[in-house]
Amino acid sequence: MAQSNWRLSEPRIRIAPSLLAADFSRLADEVARIEAGGAEILHLDVMDGHFVPNISFGIPVIEKLRPRSRLFFDTHLMITDPARYAEAFVKAGSDHLTFHIEVTSTPETIADQIHALGASAGISLNPGTPVAAIRKALPAVDMVLVMSVWPGFGGQKFIPSGLEKLVELRPLLRPDQRLEIDGGIGPDTVGAVAAAGADTLVAGSAVFGRPDPAAAVRELEGLAREAAGRSSQV
Ligand code: DX5
Ligand code: ZN
């Protein structure tokens, strides 16, 4: 397997830059910049033009980036048939695969399949999907990804109902299970999502849209940790 040589230690607040907002003409350089800046996770948004009305990138891009980076590859599958492609995405170098509950009635089976391939598994829910839809599957996964925009495009505005879902989910998760939020995360929203219980904060435009992406990672992480610290003292 071609995964990075490390596993994420227990959840702590981390910014996960989304490659979707990077300059696609020089991906390896973009990845190197955020890696040098201290990021540990790279969020990879895979879109199939069916589950979402957009097409991004897929297996060959991940495969080419793998030897160029030691980051934890957190692959977000916005595709209608994750079971069919899971093996190829893990073989390409994904450390983790997240699939959407909206595409399956057997989430535990997909999570087991991903684990058998040697990767960790996450389940995601769209803004219109209630937490109840994934409740039964929670013990089977390593991570939950709350979408705070409708998936398909970067640069959208944060939908506040994501905060309620984080608050609802956190007590349902074991301490080793990550709680990730994705969409519209930037300086104005990062504190609120961290205070609501998210530990992995995906940021596309707020990182790669800035002149210094490495500094943006550090700044956002600082704001998030401060807000999480404040909320735990209450
Ligand atoms: C949306 C993707 C997100 C997106 C986030 O479909 O899942 O990961 O890249 O982009 P920003 O941070 O710009 O909202
Ligand atoms: Zn994503």
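This is a predicted model: local features need pLDDT of at least 70, side-chain atom pairs count only at pLDDT 80 or more; totals for chains, interfaces and linings use all residues.
**Zinc site**

Four residues supply the protein donors of the zinc ion (ligand 2): His-43, Asp-45, His-76 and Asp-182. Along the chain they follow the spacing H-x1-D-x30-H-x105-D. One pair links distant parts of the chain. His-76 sits in strand β3 (residues 72-78), Asp-182 in strand β7 (residues 178-182), and 106 residues separate them. The six donor atoms around the zinc ion (ligand 2) subtend angles of 68 to 168 degrees, so the arrangement is octahedral.

Buried means under 20% relative accessible area.

| Residue | Relative accessibility | Class |
|---|---|---|
| His-76 | 0% | buried |
| Asp-182 | 8% | buried |

**Nonpolar cores**

In soluble globular proteins, nonpolar side chains tend to be buried together. Here the largest nonpolar core has 63 residues. Leu-19, Val-144, Ile-181 and Leu-201 have the most contacts inside it. Leaving aside neighbours within four places in sequence, Ile-181 is in contact with residues including Leu-145, Phe-158, Leu-166, Val-193 and Leu-201. There is also a second, separate core of five residues. Among them are Leu-8, Ala-16, Phe-72 and Val-202.

**Largest pocket**

The largest pocket holds about 260 Å³ of space. It is lined by 24 residues. Closest to its centre are Phe-153, Gly-154, Gly-155, Asp-182 and Gly-183.

Terms used:
Residues are numbered from 1 along each chain as its sequence is written. Chains are lettered from A and ligands numbered from 1 in the order in which they are written. Side-chain values use heavy atoms; hydrogens and water are left out. A nonpolar core is a set of buried Ala, Val, Leu, Ile, Met, Phe, Trp, Tyr and Cys residues joined through side-chain atoms within 4.5 Å. Buried means under 20% relative accessible area, exposed over 50%, partly exposed in between (1.4 Å probe, protein chains only). Contact means heavy atoms within 4.5 Å. Donors are N, O and S atoms within 2.8 Å of the metal (3.2 Å for Na, K and Ca); water is not among the atoms, so sites may look incomplete. Four donors count as tetrahedral if all angles lie between 85 and 135 degrees; four count as square planar and six as octahedral if opposite donors are over 155 degrees apart and all others between 65 and 115; anything else is irregular. Helices (H or I, at least four residues) and strands (E, at least two) are DSSP runs, numbered from the N terminus. On a 1 Å grid over the protein atoms alone, a cavity is a set of points where a 1.4 Å probe fits but cannot get out, and a pocket is an open set with protein on both sides within 12 Å along at least five of seven lines; lining residues have an atom within 4 Å of a point. Grid points are joined across faces, edges and corners, and a volume is the space filled by probe spheres set on the points.
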